[in-house]
Amino acid sequence: MASNNFIDYVKICSRSGHGGAGSAHLHRDKKTAKGGPDGGDGGRGGHVILKGNSQLWTLLHLQYRKHVIAENGLSGGPSHSSGAQGNDEVLEVPLGTIARNAETGEFMCEITEDGQEIILTPGGRGGLGNAHFKSPTNQTPRYAQPGEPGIDEWVVLELKLLADVGLVGFPNAGKSTLLSVVSAAKPKIANYAFTTLAPNLGVVAYRDYKSFVMADIPGIIEGASEGKGLGIRFLRHIERNSMLLFMISCESPDIAEEYQILLNELKTFNPELLDKQRILAITKSDMLDEELENEMRSTLPEELPTIFISSITGKNITPLKDMIWDSLNS
């Protein structure tokens, strides 16, 4: 998944179809000079529908489609003929897509399952024909209902990646390296900050043909929740992870302080993120001996599961998988 093709936010104008008008026709043929009302109903306007597609990973296909317009319903006809419904517009989106009203920010719907369909913008109802309004005291009504107008609104589609494990850490903490080692994903890896500019997903194979999904989130810095660095653009992806794997380099001058900074950024963005299970991985620990590891461990919170790993040498990678699997299934 190329970073320049990863689009997780689009704004579209969603316009549903107008309902067709009902017919006010009165029956006439060569044998009937003054027949009763036989006007048919108008057709429903087309809906704008969101449909989940597990094969999609990005909203790239909607980036340049600013207007989504469904067809109008057709008017009713004589002989109780109903007008045709307008064709629906179906937008296929990745799982984890959320729709919000662009003006109010109000939550509208969410797609979480493959094949799931939700009406984003409903089409207008068709009007009733005059046949519906006849009565003993009004046997030849010469009126019918107009169709309901469609809805024209601006909608924001946001993609929040669905993953079991989210990698959280400062830039250059070794998140992408770990993902490349434990999965077939090939994220960009380099020795400078903000190498990762878009989230990467990888499927991690576990014992007995089991697996879980790991998401590499672009690095967080202090003040990210206020817009610094890459800002809050990617923090929302962490909301969809079942658990969080904090990664801090052993080269850090104060691991406990960095961990608290990361926690504070998550708390400022969304306090509910602190309810997720957490594991702390100290990376690049192939340069540490056991004595130094114990000294570092003593400065960390006792209740926080901690493990020292090295993606380059493979140190404690299998025990890390065990910890993650146990946490996901606890």
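Q: With which strand does β2 pair in the antiparallel sense?
A: This is a predicted model, in which local features need pLDDT of at least 70, side-chain atom pairs count only at pLDDT 80 or more, and totals for chains, interfaces and linings use all residues. Residues are numbered from 1 along each chain as its sequence is written, and side-chain values use heavy atoms, with hydrogens and water left out. Helices (H or I, at least four residues) and strands (E, at least two) are DSSP runs numbered from the N terminus, and two strands pair if DSSP finds at least two bridges between them. L50 has I118 as its bridge partner, and the antiparallel pairing of β2, over 4 bridges, is with strand β7 (residues 117-121).

Q: How many residues of strand β2 (residues 48-52) are buried?
A: Buried means under 20% relative accessible area, exposed over 50%, and partly exposed in between (1.4 Å probe, protein chains only). For the protein chain of 330 residues, the buried share is 48%. Strand β2 is mostly covered, and of its 5 residues the number buried is 4.

Q: Which residues does L266 contact, leaving aside its neighbours within four places in sequence?
A: Contact here means heavy atoms within 4.5 Å. L266 is among the residues with the most contacts inside the largest core. Its partners, with those neighbours left aside, are I220, L235, I238, L244, F246, P271, L273 and L274.

Q: How many residues does the second, separate core have?
A: Among the members of this second core are L167, F212, M214 and M247. The core is separate, and its size is 20 residues.

Q: Is D208, which has a positive phi, buried or exposed?
A: Most residues other than glycine have a negative phi. D208, although not a glycine, has a positive phi of about 55°, and its place is in the loop between β10 (200-205) and β11 (211-216). Because its relative accessibility is 65%, D208 counts as exposed.

Q: Where is N316 found?
A: N316 is another residue other than glycine with a positive phi, near 60°. At 29% relative accessibility, N316 counts as partly exposed. N316 is found in the loop between β14 (306-308) and α5 (317-328).

Q: Is S176, listed by UniProt for "binding site", buried or exposed?
A: The UniProt record, an unreviewed entry, lists S176 and T196 for "binding site"; such annotations may be inferred rather than shown by experiment, with feature names shortened and positions given in the numbering used here. S176 lies in helix α1 (residues 175-182). Because its relative accessibility is 9%, S176 counts as buried.

Note on methods: Core = buried A, V, L, I, M, F, W, Y, C linked by side-chain atoms within 4.5 Å.
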